[in-house]
Amino acid sequence: QVQLVESGGGLVQPGGSLRLSCAASTSTFSSYVMSWYRQAPGKERELVAGITSGDGSTNYADSVEGRFTISRDNAENTVYLQMNSLEPEDTAVYYCNAQFSGVFSKYDYWGQGIQVTVSS
């Protein structure tokens, strides 16, 4: 069982920045595809950004492309989400996700979620 602990959320004004962190309790962190999802009130959970386990390729939702950056530090077992130029529409609970797919096994873990509120 892998535990994911998010930190760095809070209240920020429009146009501001936040950096979310997600620390994983596993020594095989580098083998996991890491992603950030978010869920706003009354809406379905959506993928925000992902980063692969191998070459660190990234992908982003169209709504955050150019404003958010996902990165990972395999030595620290941590994935980050740098969020710039925040908009009220970015207000949501943000979740860290870790996925591993092997020949004989597949794992999918979620963090508890952290609130991000963008408001003046």
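This passage describes the overall architecture of the protein and then the surroundings of selected loop residues.

The model is predicted: local features require pLDDT of at least 70 and side-chain atom pairs count only at pLDDT 80 or more, whereas totals for chains, interfaces and linings use all residues. Residues are numbered from 1 along each chain as its sequence is written, and side-chain values use heavy atoms, with hydrogens and water left out.

The protein contains 11 strands and zero helices. Helices (H or I, at least four residues) and strands (E, at least two) are DSSP runs, numbered from the N terminus. The order along the sequence is β-β-β-β-β-β-β-β-β-β-β. A compact globule of 120 residues would have a radius of gyration near 14 Å, and the 14 Å of the protein agrees with this. The radius is taken over C-alpha atoms, and the globule rule is 2.2 Å times the number of residues to the power 0.38. Along the principal axes, the C-alpha atoms fill a box of roughly 50 × 25 × 25 Å.

Buried residues make up 42% of the 120 residues; the term means under 20% relative accessible area, with exposed being over 50% and partly exposed in between (1.4 Å probe, protein chains only). The accessible surface comes to about 6,400 Å², and carbon and sulfur atoms account for 46% of this area. Accessible areas come from the Shrake-Rupley method with a 1.4 Å probe, and for residues only the protein chains shown count as cover. Of the contacts (heavy atoms within 4.5 Å) with a separation of 6 or more, 54% are between residues 24 or more positions apart. The protein carries 7 positive and 12 negative charges, whose mean positions are 3 Å apart. Lys and Arg count as positive and Asp and Glu as negative, while His and the chain ends are not counted. The place of a charge is taken as NZ of Lys, CZ of Arg, CG of Asp or CD of Glu.

Arg 67 is located in the loop between β6 (58-60) and β7 (68-73). Arg 67 counts as buried because its relative accessibility is 11%. Apart from neighbours within four places in sequence, Arg 67 is in contact with Gln 82, Met 83, Asn 84, Ser 85, Leu 86, Glu 87 and Asp 90. Two of these residues are also partners of the Arg 67 side chain in polar contacts. Such a contact is a pair of N or O atoms within 3.5 Å; within protein, one must be able to donate a hydrogen and the other to accept it, and residues adjacent in sequence count only if both atoms are side-chain atoms. The side chains of Arg 67 and Asp 90 are joined at 2.8 Å, and a polar atom of the Arg 67 side chain lies 2.9 Å from the backbone oxygen of Ser 85. The C-alpha atom of Arg 67 is separated by 11 Å from that of Ala 49, 18 residues away along the chain.

Asp 90 belongs to the loop between β8 and β9. With a relative accessible area of 1%, Asp 90 is buried. Beyond residues up to four places away in sequence, Asp 90 touches Arg 38, Val 64, Arg 67, Phe 68, Ser 85, Val 116 and Val 118. Ser 85 is likewise placed in the loop between β8 and β9 (92-101), but is partly exposed, with a relative accessible area of 41%. Its phi is near 50°, a positive value in a residue other than glycine. A positive phi, near 55°, is also found at Asn 77, in the loop between β7 and β8 (78-83).

Ser 31, in the loop between β3 (18-24) and β4, counts as partly exposed at 34% relative accessibility. Leaving aside neighbours within four places, its contacts are Ser 53, Gln 99 and Phe 100. Lys 43 lies in the loop between β4 (33-39) and β5 and is exposed, at 60% relative accessibility. Gly 56, in the loop between β5 (46-51) and β6, is partly exposed, with a relative accessible area of 27%.
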